[in-house]
Every structure is written in C-alpha cells, then in structure tokens.
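Subject: Structure handover

Hello,

I am passing on the structure below, with notes on what turned up in it. Please read them with the structure open.

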4 protein chains.
Amino acid sequence: MAWKPPPRGLCADLFRALPEVSYARGDAVNDAPRSEQIQFADDMQEFTKFPTKTGRRSLSRSISQSSTDSYSSAASYTDSSDDEVSPREKQQTNSKGSSNFCVKNIKQAEFGRREIEIAEQDMSALISLRKRAQGEKPLAGAKIVGCTHITAQTAVLIETLCALGAQCRWSACNIYSTQNEVAAALAEAGVAVFAWKGESEDDFWWCIDRCVNVDGWQANMILDDGGDLTHWVYKKYPNIFKKIRGIVEESVTGVHRLYQLSKAGKLCVPAMNVNDSVTKQKFDNLYCCRESILDGLKRTTDVMFGGKQVVVCGYGEVGKGCCAALKALGAIVYVTEIDPICALQACMDGFRVVKLSEVIRQVDVVITCTGNKNVVTREHLDRMKNSCIVCNMGHSNTEIDVGRLLNLSCSTVPTFVLSITATTQALALIELYNAPEGRYKQDVYLLPKKMDEYVASLHLPSFDAHLTELTDDQAKYLGLNKNGPFKPNYYRY
Amino acid sequence: MAWKPPPRGLCADLFRALPEVSYARGDAVNDAPRSEQIQFADDMQEFTKFPTKTGRRSLSRSISQSSTDSYSSAASYTDSSDDEVSPREKQQTNSKGSSNFCVKNIKQAEFGRREIEIAEQDMSALISLRKRAQGEKPLAGAKIVGCTHITAQTAVLIETLCALGAQCRWSACNIYSTQNEVAAALAEAGVAVFAWKGESEDDFWWCIDRCVNVDGWQANMILDDGGDLTHWVYKKYPNIFKKIRGIVEESVTGVHRLYQLSKAGKLCVPAMNVNDSVTKQKFDNLYCCRESILDGLKRTTDVMFGGKQVVVCGYGEVGKGCCAALKALGAIVYVTEIDPICALQACMDGFRVVKLSEVIRQVDVVITCTGNKNVVTREHLDRMKNSCIVCNMGHSNTEIDVGRLLNLSCSTVPTFVLSITATTQALALIELYNAPEGRYKQDVYLLPKKMDEYVASLHLPSFDAHLTELTDDQAKYLGLNKNGPFKPNYYRY
Amino acid sequence: MAWKPPPRGLCADLFRALPEVSYARGDAVNDAPRSEQIQFADDMQEFTKFPTKTGRRSLSRSISQSSTDSYSSAASYTDSSDDEVSPREKQQTNSKGSSNFCVKNIKQAEFGRREIEIAEQDMSALISLRKRAQGEKPLAGAKIVGCTHITAQTAVLIETLCALGAQCRWSACNIYSTQNEVAAALAEAGVAVFAWKGESEDDFWWCIDRCVNVDGWQANMILDDGGDLTHWVYKKYPNIFKKIRGIVEESVTGVHRLYQLSKAGKLCVPAMNVNDSVTKQKFDNLYCCRESILDGLKRTTDVMFGGKQVVVCGYGEVGKGCCAALKALGAIVYVTEIDPICALQACMDGFRVVKLSEVIRQVDVVITCTGNKNVVTREHLDRMKNSCIVCNMGHSNTEIDVGRLLNLSCSTVPTFVLSITATTQALALIELYNAPEGRYKQDVYLLPKKMDEYVASLHLPSFDAHLTELTDDQAKYLGLNKNGPFKPNYYRY
Amino acid sequence: MAWKPPPRGLCADLFRALPEVSYARGDAVNDAPRSEQIQFADDMQEFTKFPTKTGRRSLSRSISQSSTDSYSSAASYTDSSDDEVSPREKQQTNSKGSSNFCVKNIKQAEFGRREIEIAEQDMSALISLRKRAQGEKPLAGAKIVGCTHITAQTAVLIETLCALGAQCRWSACNIYSTQNEVAAALAEAGVAVFAWKGESEDDFWWCIDRCVNVDGWQANMILDDGGDLTHWVYKKYPNIFKKIRGIVEESVTGVHRLYQLSKAGKLCVPAMNVNDSVTKQKFDNLYCCRESILDGLKRTTDVMFGGKQVVVCGYGEVGKGCCAALKALGAIVYVTEIDPICALQACMDGFRVVKLSEVIRQVDVVITCTGNKNVVTREHLDRMKNSCIVCNMGHSNTEIDVGRLLNLSCSTVPTFVLSITATTQALALIELYNAPEGRYKQDVYLLPKKMDEYVASLHLPSFDAHLTELTDDQAKYLGLNKNGPFKPNYYRY
C-alpha cells in the first residue's frame, strides 16, 4: 500500500505518559548518539558512585526514540487497562511451549511481529547482511548477551544475529523504552528476552542477571548500550570474562567507561567502540539532526522558519546539520563557537560567528549543540525577547542553565539511521568474534575502516546508488586494495 | 517563558476524532489556499446544484488547520464528557448579561481568551493595525456579517474589526472547525457569535440566518469564506444587498462563484478577491508549503529525506516550495509539468523535468500539486515500488486516481500565515467600506497593490526588517509616489 | 574612493586599454536587459531632445556583451593593423558578385561564419524554429529592416528570419558592438548589412538610412533595439509606416519611447514589447545575474565569496539572483528594499533587510540593482571599510553617486540567454506579420502568453526536459486548451 | 606568459589554439594543492629517477595561479621587450649597495612592492602574526633556506619570517612561476633571493645552490615546496643536516618523498607535513574548489550552469566543493565514487551515485577530481554528446585518458587561501625551531592541532568572527585547556 500508517501524536503521548522526571528523559532523548564531546569530567564522579545512583543514571541515558513512534503507544493504552501483575510473577509460554523469557504479555506477539516487519523495510542492510552471511554463519557458536533498548529496530538486529548463527539473551538498557509487543514477538520467536516497559530498578538488574546467570549457557560476546550489562558482569561474574571474546559498546557513556577501564588497566577483553565509526557518526549527528531540528521545532512549536533569526551554539556535526537545514528554510542563522577551526568553517559556510550575548536580544530561536554545560545562562534567558524558543540539541540537561528545561527536540529518529547503528553493531560482533588471536588486545578499538566502509556499502542499495569499482590498474596506481579500505585513517570525510 | 506549549498529537487526533468522511476533510485541509488553478469546470455543476449538497460541499472546503493545533483539543475532551444538549436549546448569558450569541459553553471563555492572546503574539500586524487606525476608526458605522472558521486567529481579526469601529455578527463556515472556547471568549467579549463544533447542516444554516436576519440591525459589509453566507443572502434576503457596500471573499471556491455571478451579470455589489493578493498567495503557497511538505511528511511517515528520490507533479508556487525544501534536505527531486515556462524554470532551478511514467518505478515519494485531476493514475500506482509514499499537496481529492486517498500533508499552518490572510481581509473591508462612490463597480476586484504592499509592511517588524524610504529626488526620478505602490500591476514578484 | 583598485589584472587592463568613453560602455553593458521594469522620468527629457544627443544616447544603451568575448577581439587586433580606410569608401563584393552591403572587410567572412556556427550550437531553439516553420515560410513576403547589435547570435536570428521567408536589411544599433567578421559573413551570405565596429555618428545614421531608403524595396516590418531605427523612420520617412505591419522592440529604452508615443497618440502601427515577456525577463534578470554576479566579481577582483559580508540594494529579479548565488557560495548577505512586498520576500528567503547605512561600515561588497539613482552616496562611500568592493548590477551609471563608476560586472552573457531573446524576437515578428486584421491596434503589446510559452518550449530540449501533455479530460476539467496558454495573464511565475 | 584563456565556447578550440607546453602548465595549475591525500604509486618510480627528469617534474607540480592574474602580465610585456641577457650574467645592486641576490631586473622593485602591499591586504593573518610575535622574535637566530613559488603572497610570508627574526635565502620551486617584480622587491628589501621567470634547468639548480652553499652562513631550517631543495641538500651537502632543526614541506609530492625517506630510515631531521593540516586542507580543497569550479568553467567556456547535467567523478573534498557549487547554481549533478562512505555522503547530500558509463551520453559537463588515472577513458569520450565539456579538477594529467588534456580549471586562487598556507608554514617553522629537544624525532609530523587551530584563529578577524571563550568551569567540565586544542586528533571537521 502506498500510504504508511502515521506514527501517532508523539510528543503528546510522551508528555502525558510520563511523570515529572520525564523532562529529564525528554532531555536525554538525543543525548548519547548526538553529542560529540567525548570526555565528560562530571561523569567520572558519577561513575565512581556507580551503581548507587542507578535510577537517575538510567534516566539520563539515551533512550531510543523509536520506542515512542510506533504502535506501542496504542499497545500501552491496552496495557494501562491490563492487569497490574508484574511480569516476574506471570507464567507465560510461547506457542512452542518455551518459557525462557519474561515479557509483559506474550499475546502481543503478533502485533509486535507486524512492527518488526515494518522496521525491516527500512533496514534492508541487515536483511542483506543476513542473506550474504547466512551461508557461512559467521556467528555460529557465538553466545551473545545483549542489553539495549528493546524496539522493533533492535529486534531486527537480534534476529539478524540469530540468523548468522548466534544464540542471544537480551535485556533492556532502559526501564521505560521497551516496546512490550516487540519483546513478546522476540519471545515468541524463541529469543530469551527479559524486558518490559516500566521496570523497577530491581526489575532492571534482575533482567540483566537472568541473561547472564544461566545454567549451562555462558556468554562469549557482549553487546552493550550504556555499560550497565558490562558493569554487572564486572561486579558479579568477573570469571565470565575468561570466555568473552569481546565487548561491543554503542553509547557515549558506555564507551567513556571502557576507556576509563582501559586507562586503569582493568579492561580484560577487547572492546569495540562503535559509537565513533564514521558512518554512524555522520548519520547520528549531521544527517539526522539536519532533519530532526526542523521536525522537532515544528512539532512542538509550529514556528515558521522563514525569516526567523536563530543562533546555533556549537558548530560540530550537530550544529552543522542544524545550521544547514535552517538556512535552507529561510532562517537567518548565527553561530557561536569556541574552536577557531569550526568557527572558520561556519564563516565559510555563510554564518556570522558571534558571542551569544551579542545576539541574544534579537533572536527568535536559540539552539544548543555543544556538549558543554551552562551555555545558555540565566542572564541570557533574562535578556531574550518574549516567546524566544530555546532548544537543546546537545548533551543532557546541562546546556541550559535553568533547572531542567524541556528538550524541545521531540523529533523521531528514522529507522534508516537506526539501521546504520544496528548494522555497525552486527559487524563489530562478527569482527571481534572471528578475529584471529592477537589482532585485538585488551583495549578499546574503533571499527576497522574497511568494515565502516562495508556498513556504508550495505546501505547504498536503498538509494539505488551504483558504486564504481577500481580497475586493477587503477588500484595499483593508487596503491589500494580494490575492495578497500579506500582512505587513510586520518581522512576527514 | 521560552517554551511554548506543544500542540499535542495532531494528526492522530485528527484521524481518530473524525468519521470516515474525515478523509475528505483531511484532503481539504490545504485545498483552497494552496491550489492555484482558478477555473474548475467541475465546480460549476456543483454550483448549480447549490445548496442541495451543502454537507458535502462544506467538507470539501478549506478548514483552518489552526483549529487542530491548539488547546481546543484538550477542550474537546472536556466536551465529550459534556452534556449533549444542543447549544440552540441552552440558555446562556455572558458576564455582562447579554445572550446575543449561541456557543457550546460560555464558561470556556477564559480558556478561549488565553488562546486568543497566544495567537495575538504572532499576529502583531493586526495589533499594529488596531493601534494605527484606532484613532480614526475607519470602520465606524460598519456592520459586518461574517462567516469564517471560528479560531483563535479569526478572533484576533474580528476583535480588530471591532476595535476599528465595526459591529460584527459571526457564524462558522465549517461545521467541524470551530474552537468552542474561542467562540465562548468572543461571546463573552460581546461579539454576536453563532457557532460550535459539530453543527448539523440545519444548525449551520440556522447560525448564518441568526447573523443576517436581525431586527433593528442590518449588515452593510460581508466577509465570507466559501460563499455560503453570500449565497444565503442572495437566496433569502436579496434586499439586504441594497445596503451592502461590498463583499470580501477569501476562498478559491467563493471567489470562483463571485466571478461566475459577475459574468452572469448577477453581482449587485462590489466584491474583493483577497485570495489572489500577492502577499497572501506567496505565504499560502510558496512559503507555507516549503515548510509544510517537510513537516507533513515527517509527522505522518517519519521518512528520512536525505537521498530519497522524489517526483513533484506541478511546478507552480506550491511545487516550487516543495522542490526547494526537499532539495535543500538532500532529496533528489524530479518535476513534471504541462506548462513550458514553468518547466523551464524547473530546469534552471536544477530539477530534471520528466513525465511521471519515466520515474514512477524508481521514486520513493510522489507529491502532487497541480490543481488538476487524475495526475497519479491507477496505472502509476501499480508500477510504484513497495512503500512509495504518495502525497497530495494540491487540490481536494482529485489529483490521485484511487478513490479517496488520504492527504498526507497533515502539517499545521503557522499563525503568521493566517495573520497575513486576516490582515488582508481587514484591509479589504476598510477599503471597500471607505471607497468613494464609483471607485468600485459591481464586479470582482483584486486588492489594490498599495494595500497589498501595506499588508506586507505591517508584517516586516516581525522580522526586524528595516525598509528603505525613497528620497523625494529618487521618487521623482522613478516616477513613483514615495509611499507606493512601487510596482506595476503586471510585476511578477 | 568607492572603487577598489582591482587587485591586479583584469579591470586595470580594461581601463587602460579603452578610451574614456568606454566607461560609459562598460556601464551600459547590462543596462537594458537587466534593469527592472520601471519608468525613468529623466529619460523623458532626454527623449524630447532626441536626436540631438545621439552620441551619448547610443552609448548609454545596451551593448551585447557577446561582442566582447569572442574572436572579434582577435579580429580587432587585426583591425588595428588594418588599413584605416572607411568602409563607406571601399568597394567590396561578395563571392556572388553582390555589393549590396557595407562592412569592414568582406574577407573576414569565413572567420565570421565559424563564429555563427558556434553560436548556432547554443541556439538550437532558433534552429528548431527554422525546421518547424520552414515548410510554411511564415515570413514569406516579409521585408524586415533591423537595427540591433551585429553579433554571431544576432546573425543566427537574421538567418532564421531569412530561412522563414523574409528579406532583411540590417544596421547596427551601437557604434562599437559590431563583430566585423560576423557582418562580413552575413554580407557574404547575401544579407544587406551595413555596420562596422567604430562607426562615427554620421556613419551610424548613414547605415540606418541605407537600410530604409532603398529604391524598389520597402520594409513592412521593423525590428529595433533602442528605438533609433524607429525614430529615423518617424523623422525622415513617415510614409513608410503605411506599409509597416508592426514594430518589434527589445530594449527598455525603446519600449519606453513606444509607450510614450502611444500615450501621445502618435503610434501609427502595432508594436510588440518583447522586453517584458516572461521567459526573456527571467533569463535576462534572475537566471543570468545569478551566474554573472559571481563571474563578474571573480574576474575583476578575485574576491573569495565564502564568509564575505555583502549588501545587495534591491530585491527585484536581479537582486534575487545575486542574493541566491552569493548565499549559496557562503557569503552573508543583507538586503535593502523600498518595496515592502519584496522586503518580505527577502525575509522569507533568509536575508536581513536593513538600511544601507546600518551595514555600510561592515560589508565587504556592495551591489546595487535598484534601477534607481543615488543609491550609494558619497556619504556611504566615506564610511565603507578599506577595499570594500562596489558593484553596479543595475541601471546605467546612476546608482552610485560618484561620477561615472565602472560597472564591475564584467561578465559575459551566455549565448543561451541571447537565444531566448532572439527566439522571442522572431516569434514576435511572425505573430505581428501574420496577425489577422484588427487583432492588433496602434498600441504596444506584450507577446501573447501562448508565444511566450512557445519560446520556453523551444528551449526545453536543451535540457532534455520532457513536458507532460494534458489529457482531453484534464484539459476540460481545468478549462484549458491542451496547447496552452496554461496560465492567466496575471500569473506570477 | 601568464596565459589567460580566451573566453568563448569550446574546449576543442582551446586545445588547438595553444602551444603544446601550455597544456602541461595548465594541467599543473591546481595539481598539488587540490588533490586528495593519496599515495601515487607512479610517483615512486619518478622519484627514483630524480632528478633526471627535472624539467618535466617541475612542470607537473603546483604553480601558484596568482602568478597568472596579476600585474606581472603587464610586466611580462615589458620583459619580452627586455634585454635577453641572463640574470646570472648581470651585475645588479639594490639601493643599499647589496648584490646578494639574482633577479631579472632590480629596477622593477617598486612595482613589486606595490603588489606585495596589495597581497598584504588579504593576508592580515600574517600581518597579525608579525605584530603578535614581533616582540619576542621567535625566529631570532633562525637561518631559513626556502624554495617556493616567488609571488607576492610568498613575499609576505618571507618578510614575516624576517620580521620574526629569521634570516632568509630563497629560490624558486618552479622555473615559470616567479613574479620578477616581486623578486626584485624582495632583493631591494635585502632578502637573498635567486629566481626569475623562465629559468633553464641549469639555472634552477644554480639558484638553489646559491641559497644553500654560502660561505659564513649555514641554514638551520628548510622550507620546501616540492622537495627539490631538500633533495639537493641530501645529494650535495648532507652535512648541513647536522645543523638543521627541521624541514617544513607543503606539497603533496614533497610530503610523499619525506614519508618515503622516513620509511627507508633515511630522514635525519624532523619534518613537518603542512599539507595535511585541517585548515589548509579545507581551504585548498573544499572552499577553494567550491568557487574555482564555477570561475574556471565560466572563464573558459561561458557555459550557463542552470539546468546543465554534470557528472562529478570523486566525492572527496574537491568533489564536495564542486558538487555543492554546481547544485546551488541550478545544475543537475551526478556523482561517481569508489568509496562507499563517500558514496553514501553523496546520496545524503542529494546526488545520484552512478557509474560514469550510465550518464556519459546525457551529461553536458564531466568533472574529474579523483586523484586517480584513466577515469575518463577513450570510450567515454567517444560516447559523449557533442560539445560536452571535460574538466580536470584533480591530479595532473592522468585523470583523462586522451593524451594531455587541458585542465580547464583556469581559475585563480584567492590570496586568502594562500594566506592560510603561508601562515601554516610560518607556524610550522616557529614550532620546529623552538621545540624542546626530543619533542620531534626524525620523522614526519602533522602540524599540532593547537597550531592548526591558531592558524584558523588568525583568520577569523577577516570575517569579524567573534570566538566564544570557555569559562574555567566549562573547561573543567569538558576536560579541555581553555586555549585548546579543542578536539581529539581523530575529529572529522
């Protein structure tokens, strides 16, 4: 059918469904994947207190927005009228008789399957990967324990891993973000999934533990998003690391922790930082924000962009995306920067580089994407004109200095962007699992450029893009392998 | 406060709240103001059957989207739990003891006032007009009967007319679009308003009649949106036209009828076509659609624009806006055209001009904005690739040849655009009301260019735009009046 | 001083190489075709003095830039070493023995033919017109006397007219712009051409007279560029008008004179204003200037556009083109305007609208395209920063208040743009020549929209653009003829 | 002669009209600075033959285009009428009586000074550096031997080095590119310069030798462009390296050689690769080519960009710049790529990614910027449509497979871009000269990011850009030094 079902009144549900603290959640929506600053001094303190502030911490991490733009909200309505029995106390079996899972309601499986199928349409790279690698089963023997958002898109990843030969056990990295019907569909399909929307903190760790601590099954790979799973294994089952071939970590926070472990000499297996691969970064930041800044502002404020004066704080990838989109739609855009190279780029791209105080009185919209804190201060807020819109595209709730401001960026992340991430994760797992002894030490690695290129190549068919191949002669002339990698590591795309 | 309240789950409510025929409503959303084709042969037949198909007709006319993006939905929820007594049977009085109105619930007035105040923020042109013209009361003595959507934005217009000296009686031009709380606020403020959300057809005409047929009060001006009020007066109270100084009509359909009346020699008062003024046209079509195509597609489908192949049928103002926005966001855009001048413009703007059949197999999105019918045919639909998005930005439901397709353009119209329209209407009323005998005959006129320029000038302060004034010497050199008009009538902006 | 001494090269050489009067020529380069449609009060005085100031006047008219960017410069070198005998005193015959012409050197014909052939490549619309209309010879019997720039592009036009059945006699509308080798090629091909580069004023009128005043041949059509030919016929041979079916005039100045004649009741034949046809206007102004502003600035100053602050005075078609190009290349652009509608357009397109004095201190480039005078005043010049570039894209030398400033826009006009103009002229001639009695009165007409559309359609194949055709059903629905015209006359493209 | 191509149409003509050697020169124009960072296997062979093919090699290296668009052309005219005595045989002294130089004609010094002063206007970063560092004289004691193009821009660099305390001896890195009057001005100012336009190969090495082999003066720093100077010292005076603190090399070729020396363990001093600093790369490739592709095509072919179909081979920085500019001017742009990441970027930026053979029949312009060879083959050329323009923006003359094609990119490099390069070189010299023992080993280094940022910061005032400074608190939060560097080394700008 030509028409695709609308994703429902997104923001509204988000607001209505959540308690006051959800503002922090709102903030966090594009925290991890979009922020660019790697070193967060404050986080270190938080890390040392770990896990005592778990509840707060899990709230301040990334939540896959996709959880909010699907049929699950409809499902949630059902849920609310559902019985209030905890899933942990329920006895459920799937149609094959297995009860090796714990989800809200196994009966939602069919509905969840529908959602997974829709997601598959925009994740053809993973489907393609299934086909290309299915014969050789590169993950045969892999026992992967995972802890991520449980969404339709993640389900496509998990089922791809299974198709490539892996066994998987999975929990949620966030107590709110699970799409219950997707979890049900995974359980029905035989995946050992332990997750539901609205877990308590105790539930959260119980689910992780149920994935790790199993009789007769020991994980040899970890896929983590945020570092909680990794942390749990470190604290409770350090021996498991003897069998672990590697950790694949996606989030800024989790990667940060791994680097800290590595510095402290405590990292005992190879880890792959998939957050910083080129393809993923470009999509999470530049391409995604170029669209979501418009979408988020429009959905929440209905502002007309034409002729509006906007100041964008920070001209990294996120800022570049925001500026390009707003300029194209007729806004007059100013930029603030601390880095002279980025400032010069802003100049060459046609933006006046100013200090925030120079334009704060005149602008209609302020957008922060610095990864820094206190970028918009009380003083700035006092000097803004009435009805000026303030929008945080950057890091958690620190950028704007006025208690917990709502992050207005209530946009969605297209499945295609999540496809990039999921494919990157799958390839990282395959690489780590199959790497010959000694290729990776007990350190944190970036995804090899060749695999980064492969992620990109898997997504080109979506655009009907036809790659040119080097002739033998040309490859020799350039001193390159015909199959890549095509660029030196320091290349700036 | 920096943050503006989110407009709630717009599309979803739209879909859920309405019966099957709401698809037609969805279709109609951007019908009148956005379509550019003036002559609709089919409409003529409909006109002759008038008013027997009223219900359907009122559905196929423009509905102000603003009715859907405000507090009124919250209000609607209250409504649904409200008593089901018809407003016609209720006895209500406002705080001054007047009962010269008929609305859903006068108690919602305070809430409605809040909405009107928010709308005023983006309609500073009208506020400015109040201030500039209030001293001289250019509408003193004017008795205006109006029939438009009853929304916060219209309320700002009505109250501006009152501030300029007019007496107003008002009904709704659409049975669904009234914001009840706004109607209540108007009633509380002393405006004789007869409108509520969910009128029956009988209610619809009853309300109009209550505005026109009043003892001791006779209208001398008509402000119409769609022509129903004008029609009613023609049919029922033709004598009223003796006192009428003029009709101001906004909609394509209404203007079309006026031209037909004029051609038939039946138009007995001057009428002003405000639909085709330059400023209004640019905002309704080019500027508004440049933003709403992105917004509408994103809200309904979450499609990522980057790299998508899109064909836009029609390169008029709407098409130009769609193409510019999509190109800027990284889509690859093709154009179809029947008019070689517009086709050449598309070429010069960087778009390949093709026949639809040439690209139908490869595109991800099809957008129609032709004002024509059967642009996308069954045959095209059959050849599209799976999950291709089809989107009608043009005229009602005729552009796409597959029964009643949903118009995906579920975007909102920024208040600023409505401000352009409302200001244009106010100035048209002032002009017609104050025009010296003989300036206007019994014909349909475009807004004088000088007033068109004035509408624009009233909106420049919103952008902090500083107009340059001609010196006496320069004005003489150019043969222009220093205050305009600055361009010949045939000038193409 | 306003003018920045060119940082080497180009302008400097230009200045040195040319006599003082060349400044006026430089000025005039984009005068007529690019200035907006405005009435110039000053010109009227000049008109009354006509033709006493011929020398100056002919300099202040449009000169085809193509004369400056072709082989003719090479030719000029030859010329300078050429004998200094006036062509009027030479006895020359072409290879067929005819001496019905007067050119610099008939021996350059082969070289000129080569230039014409190159021009033909980019003027496929005229070639196509030759093919389509050759069978029916729509100009059979037409005796056209023409006075235009004599360039390769004009030659393609003249030879097209001949191919369609016309007999032509031609002189130059400018004493400097003739490409001698092209004139030679025309003479060799049998066209009665009287023109050379560097005519004296006496030569100028002698050449015109030789075209008009011929035994046994009387013109029935006039093609004029600037009005000198028309003027000459009015003054010297008014009886000729009895046979003239119409005048086709291209220049702003010439059209202005025709309107004055019409107002004064002295226009005794139909005239067609081809200057204001839609297609021509768009190409002369918007599309051409969008490219030439970059080209002209680059060639003369080598300025880097990225990050430069630029103020563009005037946001008509020329201003829109300049602004779009500079914005796209990374400049920060401000706009000044007197017309609020255009000012609002500038806002919506993302440009701050300011008064010149607000930004004059900070900008790197000032571009005038107003058609007005004294736009940049002495006071502005005094406040500019050192090395600010001042560039006149507008009307003659009045825009900048410092004597005769050089128009820096030393760009070229692509042949494709000239093809638009030439095709428009050809169609105007065909229309006027073949119009049935009574279709045109003794007045000035715009080219019928249908022919305007036809000019556009003839140029679409250059872009491989495929026009969509209306079905019978669609045409009926829209109330349109399937072959156009497709838009009402007031349509703003 | 500083050759400027005649405008007008066709490449073919252009090719035929020029002498053979100009092809190579034309080719070389934007060779080094614009080509992507890629290892050229072929060059290695050439390197081994070094210096036997000097003549050819010096032609295939970068030549500062500024030499071609300046007063020097006027000067050349004088030169040509100048005596033909070799400068080596002349006895010249400057006004202070020194004859420690060898230039064409010391009397041109005043003219050259004028050129230097004009260049200084656009190189305010170097002037600023003079001011900031003049007090501390960071190059006091430095004895720099340099071999670069001798142009006005280089002169500003050399005089900056002197102002910072250095003594300099300088020769030309190219036998054609010297601006004689600039060399004279340097000689007059006391710089020991040995260079003139039109050196023989013997002259070339003689000049270098005169810089290196001096009684009582021994260089301790090398600034090289192309590696010839470095090579000469290696071959002839290896002992000099004992005193050399470092080599600063700008060109792709020279850097390549240094990496080869390093690999071979033969590099005996630290070397700094300034070619690959971020700021320089962005300006040489992205920003510069974004403008020069338009300029070059326009100057040489007068092509109108609007509506043209263009294929750009390669989507690195150069390709990105070309594509962005052409798209903005209304061209329809296709991209070919071998690297899937760059291909995906092209998709997201709105370009169809195709194989060259898919579009070769339909495109109007082919632009190569791959750094590869045989990108456009004989077969492609045979299938192009008539008058298709082929333009090499990439590497020497290998990209197009038809003998030595002219690189049509006959644009200029703005002085501002050269200012970036020169400032980078100056800072590299300062860094290497002042680095504490042990900071740099015998290897090739990239410019430290902090200095890269400093180059950028020195150029911000040209744009009136105001950098934001971190507060202490923010710096601590981010774990950054307030003065930078602000980004990790792997950051992709």
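Is K298(B) buried or exposed? K298(B) is buried, at a relative accessible area of 2%. Please keep in mind throughout that this is a predicted model. The residue sits in helix α14 of chain B, which covers residues 278-301. Its side chain makes a polar contact of 2.4 Å with the side chain of E291(A). Neighbours within four places in sequence left aside, K298(B) is in contact with E291(A), D295(A), R299(A) and P414(A) from chain A, and with V303(B), M304(B) and F305(B) from chain B.

The interface of chains A and D

In this pair, 71 residues of chain A are in contact with 70 residues of chain D. An interface's size is often stated as the accessible area that is lost when the parts come together. For chain A and chain D the buried area is about 6,600 Å², and carbon and sulfur atoms give 59% of that area.

Eight salt bridges are found across this interface. One of them joins the side chains of K487(A) and D339(D), with 2.8 Å from N to O. The interface of chain A and chain D also holds 18 residue pairs in polar contact, both residues being at pLDDT 80 or more. Several elements of chain A give two or more residues to the side that touches chain D, among them α4 (41-49), α14 (278-301), α15 (317-328) and β9 (352-353). The largest share of that side comes from α16(A), with eight residues. Sorted by class, the side of chain A that touches chain D has 31 nonpolar, 19 polar and 21 charged residues.

Binding-site annotations in chain A

An unreviewed UniProt entry places the feature "binding site" at several residues of chain A, including G316(A), K320(A), E337(A) and N407(A). G316(A) is in the loop that runs between β7 (309-313) and α15 of chain A. With a relative accessible area of 5%, G316(A) counts as buried.

K320(A) belongs to helix α15 of chain A and is likewise buried, at 12% relative accessible area. A polar atom of the K320(A) side chain lies 3.0 Å from the backbone oxygen of Y315(A). Which residues does K320(A) contact, leaving aside its neighbours within four places in sequence? They are L286(A), Y315(A) and Q345(A) in chain A, and Y493(D) in chain D.

The unreviewed UniProt entry also gives "binding site" at T151(A), D225(A), E250(A), K280(A) and D284(A). E250(A) is placed in the loop between β5 (246-249) and α13 (252-263) of chain A. Its relative accessible area is 14%, so E250(A) counts as buried. Apart from neighbours within four places in sequence, the contacts of E250(A) include D224(A), D225(A), K280(A) and Q425(A).

K280(A) lies in helix α14 of chain A and is buried, with 1% relative accessible area. Not counting residues up to four places away in sequence, K280(A) touches E250(A), V274(A), N275(A), I420(A), T421(A) and T424(A). With N275(A) there is a polar contact of 3.2 Å between the side chains.

A helix in chain D

Helix α8 of chain D spans residues 124-134, and A125(D), L126(D), I127(D), L129(D), R130(D) and A133(D) are buried in that helix. The cover over the buried residues of α8(D) includes α7 (109-121), α9 (152-163), α19 (415-434) and α20 (449-459) of chain D.

Backbone points to look at

In chain C, the peptide bond from G484(C) to P485(C) is cis, with omega near 0°. P485(C) is in the segment after α21 (472-478) of chain C. In chain D, the peptide bond from G484(D) to P485(D) is cis, with omega near 0°, and P485(D) lies in the segment after α21 (472-478) of chain D.

Chain C also has positive phi values at residues that are not glycine. For K137(C), phi is near 45°. K137(C) is in the loop between α8 (124-134) and β1 (143-148) of chain C, and counts as partly exposed at 35% relative accessibility. For D302(C), phi is about 55°. D302(C) lies in the loop between α14 (278-301) and β7 (309-313) of chain C, where D302(C) is buried at 9% relative accessible area.

Regards

Key
Residues are numbered from 1 along each chain as its sequence is written. Chains are lettered from A and ligands numbered from 1 in the order in which they are written. Side-chain values use heavy atoms; hydrogens and water are left out. Contact means heavy atoms within 4.5 Å. Buried area is the accessible area (1.4 Å probe) that two parts lose on being put together, summed over both. A salt bridge is a side-chain nitrogen of Lys or Arg within 4 Å of a carboxyl oxygen of Asp or Glu. A polar contact is a pair of N or O atoms within 3.5 Å; within protein, one must be able to donate a hydrogen and the other to accept it, and residues adjacent in sequence count only if both atoms are side-chain atoms. Helices (H or I, at least four residues) and strands (E, at least two) are DSSP runs, numbered from the N terminus. Ala, Val, Leu, Ile, Met, Phe, Trp, Tyr, Cys and Pro count as nonpolar, Asp, Glu, Lys and Arg as charged, and the others, Gly among them, as polar. UniProt positions are given in the numbering used here, feature names are shortened, and annotations may be inferred rather than shown by experiment. Buried means under 20% relative accessible area, exposed over 50%, partly exposed in between (1.4 Å probe, protein chains only).
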